[in-house]
Amino acid sequence: MNNNQSIKDLVCMLILDIAPEADLHNLDPNEDLREELDLDSMDFINLLDSIATKTGVNVPESDYSKVNSLALLTNYLATQS
Amino acid sequence: MKTLTMPSFGADMAMGTIVKWNVKQGDLVSKGDIIASIETMKGLIDMEVFDDGSISTLLVSEGDEVEVGVPIAELQLKNENYSNNKPELKLENVSLDSGELDTSIDVNKTPVDDQILADKRILVTKDSQDQNVNRQNTQQPKISPAARSRAERLGIDWRLLSKGSGPDGAIVLDDINIPDEKSAEQVSDTVKDPSNMMRQAISATVSRSKREIPHYYLQLDIVLNNTINWLSDHNANLPPSKRILSNAVIYSAIARALTSFPAFNGFYRDGHFQPSESVHLGNAINLRQGGLMVAAIHDAQRLGLIELMEKITDQVSRARKGGLRMSEMQDATVTLSNMGDRGTDSIQSIIFPPQVAIFGIGRQREVPWVIDNTVNIATIVSVSLAADHRVSDGHSGARLLNKINKLLQTPEVLM
């Protein structure tokens, strides 16, 4: 759980780097992340890139559907790392 | 001597601030040197010079905010001989993006005005200067003394107007008019608010486009299955930073196809169309803080997909974080407007003068699609083309879209 929280904090920090105006406090962790934060395909690939750099986890394209909310993404990273 | 003015980096830019001069009086500069950093509502842009020469005067100080078109420096050109015989296109001083400009010299509507208005690039090229020089030798209008004095005071080169609204086409006081001259209160009320200014600048550009350019619109639904399958193979074992997005493949197909259809790539100025030899693909980038920035991908038809993808990534990041170069903001010969994944199915766009075509790319979506007599699931994208009917016809526009479709069926050739 603690691990999940720290991964979530890291992801939030990386999101803010890409979308500085994102309101993460009011973000429903189960909602579609890109929809909620208006991330385009370029933003999303940049987010995955910075996640790969920080955590060593490469999310392949075939797993995009497994990481499309903040909760899913956090869990995915927790199980992979 | 060439007057450098506050450049326009887009239809919605009204003001810019010189944050830093990289040169001082007397410095030698070469074409391509970055002489200043300019802060705009859209971030920091690096300003280049387009000539060799030396800086003779800096007219504004660091920290000063001035309107687009206001002179900011004087450049002594390396080869001054030909331009000594005159005019340094003083009309540059007029705010080209201002809505009022169009109406104020409407009476003088001539190909010359069209050219100047059409040319959003503030720094005038040698070619167009030469053209203007020639024109003046052949036809110099009459001008009233009052009008001449006002023109000189405002820094407008009246010789560039072929005729005025007075007797025998003489230029009279009313013809020499720029927004600044209008009632001061009116200006301070509305124009000073930045978002208002941005709205006005956009409004001036799109209104002019719709007024002057007879648009026609075409649209084709393109099946992307081959492109997507090919990309998922290509991207399978790559880290995110090396993956190619389907947009890059679509951009590439458009750039390659345009090389066979020059009537859609270039500038319409001075009553005629000049095709461009290279495709400088204007990518309309949506900015998080609001607004759009169109950055040109130079020579896009020559780039392989990997290179093109790197260019797009780099440009989008610089557009959002600052550091785009002025040439990237001004060179586009054709524009792409992309709705992104969560936009609408299609978009019909307004051409950016003096360009003659703009593509609109809708969101990708899955639909039932008949292939070989069976209904399959296909991922399609609607690609629209708005083009200038003075330059091309729907028939060739349709062939262009079909060529793009064909390229997207064999994405490996774009590699």
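Analyst: Happy to! Two strands are taken to pair if DSSP finds at least two bridges between them. Please keep in mind that this is a predicted model.

User: With that in mind, which residue of β8(B) stands opposite B:Leu58?

Analyst: Strand β6 of chain B covers residues 53-58 and strand β8 of chain B covers residues 71-77. The two pair in the antiparallel sense, over five bridges. Within this pairing B:Ile55 lies across from B:Leu75, and the residue of β8(B) opposite B:Leu58 is B:Ala73.

User: How many bridges link β3(B) and β6(B)?

Analyst: One place to look is B:Leu28, whose bridge partner in β6(B) is B:Ser54. The pairing of β3(B) with β6(B) is antiparallel. At least two bridges are needed for strands to pair, and for β3(B) and β6(B) the number is two.

User: What is the bridge partner of B:Asp46 in β14(B)?

Analyst: Chain B also has an open sheet of five strands, ordered β7-β2-β4-β5-β14, and its pairing is mixed. Its edge strands, pairing on one side only, are β7 (65-67) and β14 (324-325) of chain B. Strand β5 (residues 43-48) of chain B pairs with β14(B) in the parallel sense over two bridges. In β14(B), the partner of B:Asp46 is B:Arg325.

User: Now the helices: are α8(B) and α9(B) roughly parallel or roughly perpendicular to each other?

Analyst: Helix α8 (residues 246-258) and helix α9 (residues 305-321) of chain B pack with their axes 9 Å apart, at an angle of about 110°. Angles of 65 to 115 degrees count as roughly perpendicular, and α8(B) and α9(B) are therefore roughly perpendicular.

User: How many nonpolar, polar and charged residues are in the contact of α8(B) with α9(B)?

Analyst: From α8(B) come B:Ala248, B:Val249, B:Tyr251 and B:Ser252, and from α9(B) come B:Leu305, B:Leu308, B:Met309 and B:Ile312. Tyr counts as nonpolar in this grouping. The tally is seven nonpolar, one polar and no charged residues.

User: And what is the handedness of the crossing of α8(B) and α11(B)?

Analyst: The axes of α8(B) and helix α11 (residues 394-409) of chain B come within 9 Å and cross at roughly 130°. These two helices are therefore oblique to each other. The crossing of α8(B) and α11(B) is right-handed.

User: How many charged residues take part in the contact of α8(B) with α11(B)?

Analyst: On the α8(B) side the contact includes B:Val249, B:Ile250 and B:Arg256, and on the α11(B) side it includes B:Leu400, B:Lys403 and B:Ile404. By class there are ten nonpolar and no polar residues, and the number of charged ones is two.

User: Finally, which element of chain A has the highest mean pLDDT?

Analyst: Chain A has an average pLDDT of 90, and 98% of its residues score at least 70. Among its elements, helix α1 (residues 2-18) has the lowest mean, 89. The highest mean, 93, belongs to helix α4 (residues 70-80) of chain A.

Methods:
Residues are numbered from 1 along each chain as its sequence is written. Chains are lettered from A and ligands numbered from 1 in the order in which they are written. This is a predicted model: local features need pLDDT of at least 70, side-chain atom pairs count only at pLDDT 80 or more; totals for chains, interfaces and linings use all residues. Side-chain values use heavy atoms; hydrogens and water are left out. pLDDT is the predictor's confidence in each residue, from 0 to 100. Helices (H or I, at least four residues) and strands (E, at least two) are DSSP runs, numbered from the N terminus. Axes are lines fitted to C-alpha atoms, for helices over the stretch in contact, and angles run from 0 to 180 degrees between N-to-C directions. Angles under 35 degrees count as roughly parallel, over 145 as roughly antiparallel, 65 to 115 as roughly perpendicular and the rest as oblique. Contact means heavy atoms within 4.5 Å. A crossing is left-handed if the near helix is turned anticlockwise from the far one by less than a right angle, and right-handed if clockwise.
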